[in-house]
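Dear colleague,

Please find below the structure that I am handing over to you. My notes on it follow directly after.

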Amino acid sequence: MDLLVREKGLQIQEDSIVKVVADTRRNFRANPENREKYGAEILRLEQELFDVRNRRGVLIGKINAIEQEWVISNLGKNTSERNVVQDTSRRDSAVVRNHPAVVPNLVFNAYFRDHLAPGDYAALLGAQSKEQSVLNYLQIFRNNYYTIRQLERDYTAAVRAEPADSIYRKYKTLSNLNGKVADSVSYIWSYIFDNKTYAYTYLLDRMNRSDLLGLYEDKLQALRQKEAENRDFFMEDAVGFYPWRKRFVLEYEQQLAELLNLKPVSDSLSGAVRVLDSLDFDFPKIVIQERLFLDYADIEVATPAKYNTRNPIPLCTVYPRGTIYRLLLGTYLKPQLPSIFRGVFPLGYLKGEDGRYRYFAGGYPTLSEAEEAQAMLKRTGFRRPEVVVWEDGVYRNISEESVESAKGGESKSETVYRIEIRNGGDALGDNVRAVISAMAEGKELVRVAAPAAEGETARYMFIVGSFATREAAEKIVSAIRQQDVSLSVKIVEMTL
């Protein structure tokens with residue numbers, strides 16, 4: 001009883017936080033000037049909601065364990081069937097008020113007890129006792145899923161790395177938690193489904209109802225086919241398939257109730273089917289692709305200089321994905337004092353495998369912007385700032401490449417660029433195709449076979465181009481990523 005009181009208190013607390021979150025979200029939308037304040041409050045409240053739901057889930061697990069232990073411990077006692085039915089009816093009536101899809105208790109009757117082996121009847125009673133546990137886990141899953149769906153919207157709208165990283169960590173935590181909840185649903189529901197269908201099939205066989213046995217065998221085959229066709233569509237298959245298998249069991253139980261002339265039970269089961277059909281178990285897969293917030297920054301010349309002995313030049317960030325251009329200001333055998341860079345900001349350095357220190361300035365999304373910054377630095381007095389780029393963590397010195405190309409003289413080779421797109425499937429969305437059609441008019445879009453990249457199931461990629469300049473390709477890549485952040489898009493340089 002203490003656990004039930006505590007669980008009820010957490011439910012009230014959860015409902016209260018949900019209401020405050022909804023109110024804060026309305027304020028967030030209605031007051032653009034205070035969005036940062038409301039956004040931080042939403043993150044705090046969601047963390048509090050997450051903690052409350054976890055604590056409630058632990059309590060529900062303990063309550064279920066106690067209830068199941070009670071049922072199992074009383075199976076072998078000399079308790080009259082009448083008392084057991086009354087006890088169970090009281091518990092079931094309370095359950096039905098909270099979860100109307102729970103099956104009214106069919107299995108506590110003399111026919112089942114007398115026509116099933118003691119071990120099989122005990123297993124059937126045990127399966128019945130676990131029904132509520134599945135519903136509790138499903139409620140936890142549903143709450144977490146709705147939170148994940150909101151996190152997906154918040155993550156898409158995030159414009160700064162810090163709140164986005166916090167949202168992504170919560171998404172990963174809740175996704176992992178829901179995976180464990182789904183495992184529990186799968187384990188418990190498999191036990192219920194297997195024991196109930198075994199007992200019901202055995203009883204129909206004893207009644208010589210081969211017609212009904214054939215009917216339910218066909219229904220079970222159709223059910224398995226439906227599951228096979230929808231595998232991997234839901235966030236978790238065990239949860240998505242639950243209402244289909246539950247309906248199968250309910251219909252099976254309806255048939256037995258009618259054969260045994262248990263009219264009230266049959267009517268209640270019919271109502272339970274209608275309630276089950278009205279409940280929402282539509283949980284399509286949600287996958288949030290981690291975004292990288294590249295720190296683009298124009299080069300400035302600050303007075304006084306921003307870097308000094310107390311604020312040294314930081315390490316340069318190398319992003320594992322995405323494209324960023326910077327200006328290489330110099331390569332040195334030893335670390336340099338900030339003063340030699342004449343107040344340029346922002347700066348970063350890297351120590352290469354050759355032991356040399358390279359100092360970089362700024363950060364730009366396109367080559368043309370980097371070249372404009374290069375010209376500005378030359379006017380400021382830097383003799384040879386060089387344009388460099390990182391593409392998915394791979395470093396290239398574009399200025400050096402240009403010099404080498406110029407040394408080639410009369411070479412007939414020509415550099416062109418193409419865009420490669422992977423999306424984990426074999427088709428592109430209409431919005432992405434529309435962008436390509438509008439911005440790359442006359443350019444070829446083809447699908448080609450390709451080895452699946454790590455984490456992908458598709459064996460195709462899409463190629464757009466070619467383009468005479470990298471800048472032209474970059475504009476299209478940027479537009480594609482705005483349409484679908486889940487796509488893997490990169491520019492490939494080719495020499496003709």
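Helix 13 and helix 14 cross in a right-handed manner (a crossing is right-handed if the near helix is turned clockwise from the far one by less than a right angle, and left-handed if anticlockwise). Helix 13 (residues 430-439) packs against helix 14 (residues 470-483) at an angle of about 160°, and their axes lie 9 Å apart; axes are lines fitted to C-alpha atoms over the stretch in contact, and angles run from 0 to 180 degrees between N-to-C directions. The two helices are therefore roughly antiparallel (an angle over 145 degrees). N431, V432, V435, I436 and M439 of helix 13 meet K475, I476, A479, I480 and Q483 of helix 14, where contact means heavy atoms within 4.5 Å. Helices are DSSP runs of H or I with at least four residues, strands are E runs of at least two, and both are numbered from the N terminus.

This is a predicted model, in which local features need pLDDT of at least 70 and side-chain atom pairs count only at pLDDT 80 or more, while totals for chains, interfaces and linings use all residues. Residues are numbered from 1 along each chain as its sequence is written, and side-chain values use heavy atoms, with hydrogens and water left out.

Two cis peptide bonds deserve mention. One joins T303 and P304, with omega about -5°, and P304 sits in the loop between strand 1 (300-301) and strand 2 (323-332). Another joins F345 and P346, again with omega about -5°; P346 belongs to the loop between strand 3 (344-345) and strand 4 (347-351).

Yours sincerely

Note on methods. Parallel < 35°, antiparallel > 145°, perpendicular 65-115°, else oblique.
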